[in-house]
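Me: I would like to learn how to read a structure feature by feature, with each cut-off stated when its term comes up. Could we go through one together?

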Amino acid sequence: MRDEALPTVTAICRALSEQIGHGLLPAGGKLPAERKLSELFATTRITLREALIQLESQGLIYREERRGWFVSPERLAYNPLVRSHFHAMVSEQGRVPATEVLSARQMPASAAVCELLELPALSSVYQIRQIGRASCREI
């Protein structure tokens, strides 16, 4: 990137961060199109994109393919030292919890699993891989 573009990138980042911080650009809200933003900041789209990518790396905004840039929702408060139920934790923070099953398969239980679950030898168990998601929609 050219040296003269660096102050512009910094200025764009600062301006958008300030607008987000003061709630003028609300969480989940769509940013104006890149063309409009580049006109507003009197810069090239390449320089604007660099600023947007920096804000994305800071977690302030995110990009959706073919839809544009959006202000990131407030992050979930999660303490890994406290055991909690994902759905309850997400619901308490005003989000909609969801669980997606990534894979499920039947497999022979290891000796340790048989012992832990008090299963007979050569038992089968199911291995389930899942991921929890929290949507920004209000409950």
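Me: Is P26 buried, partly exposed or exposed, and which cut-offs decide that?

Reply: Burial is read from relative accessible area, where buried means under 20%, exposed means over 50% and partly exposed lies in between, with a 1.4 Å probe and protein chains only. P26 has 46% relative accessibility and therefore counts as partly exposed. The model is a predicted one, in which local features need pLDDT of at least 70, side-chain atom pairs count only at pLDDT 80 or more, and totals for chains, interfaces and linings use all residues. Residues are numbered from 1 along each chain as its sequence is written, and side-chain values use heavy atoms, with hydrogens and water left out.

Me: How many helices and strands does the protein chain have, and what pattern do they follow?

Reply: The protein chain has 5 helices and 4 strands, and along the sequence they follow the pattern α-α-α-β-β-α-β-α-β.

Me: How does the radius of gyration of the protein chain compare with that of a compact globule?

Reply: The radius is taken over C-alpha atoms, and the globule rule is 2.2 Å times the number of residues to the power 0.38. For 139 residues a compact globule would have a value near 14 Å, whereas the protein chain has 23 Å. The C-alpha atoms fill a box of roughly 70 × 35 × 30 Å along the principal axes, and buried residues make up 23% of the 139 residues.

Me: Which residues does E34 contact, leaving aside neighbours within four places in sequence?

Reply: Contact means heavy atoms within 4.5 Å. With those neighbours left aside, E34 is in contact with R45, L48, R49, L52 and W69. E34 has its place in helix 2 (residues 34–40), and its relative accessible area of 13% means that it is buried. For the protein chain as a whole, among contacts between residues at least 6 apart in sequence, 52% join residues at least 24 apart.

Me: How many aromatic pairs does a search of the whole structure find?

Reply: Rings of Phe, Tyr and Trp (its six-membered ring) pair if their centres lie within 6.5 Å; planes under 30 degrees apart count as stacked, over 60 as edge-to-face and the rest as tilted. The search of the whole structure finds 1 aromatic pair. Y62 and F70 form it, stacked at 5.6 Å centre to centre with 20° between the planes. Y62 is partly exposed, with a relative accessible area of 26%, while F70 is buried, with 6%.

Me: Where does R66 lie, and what is its phi?

Reply: R66 has its place in the loop between strand 1 (61–64) and strand 2 (68–71), and its phi is near 65°, a positive value in a residue other than glycine. At 85% relative accessibility R66 counts as exposed. R66 and I12 are 54 residues apart in sequence and 22 Å apart in space, C-alpha to C-alpha.

Me: What is the phi of E118, and in which loop does E118 lie?

Reply: Phi of E118 is near 55°, which is a positive value in a residue other than glycine. E118 lies in the loop between helix 5 (111–117) and strand 4 (124–135), and E118 is exposed, with a relative accessible area of 73%. V113, found in helix 5, is in contact with E118 and V125 when its neighbours within four places in sequence are left aside.

Note on methods: Helices (H or I, at least four residues) and strands (E, at least two) are DSSP runs, numbered from the N terminus.
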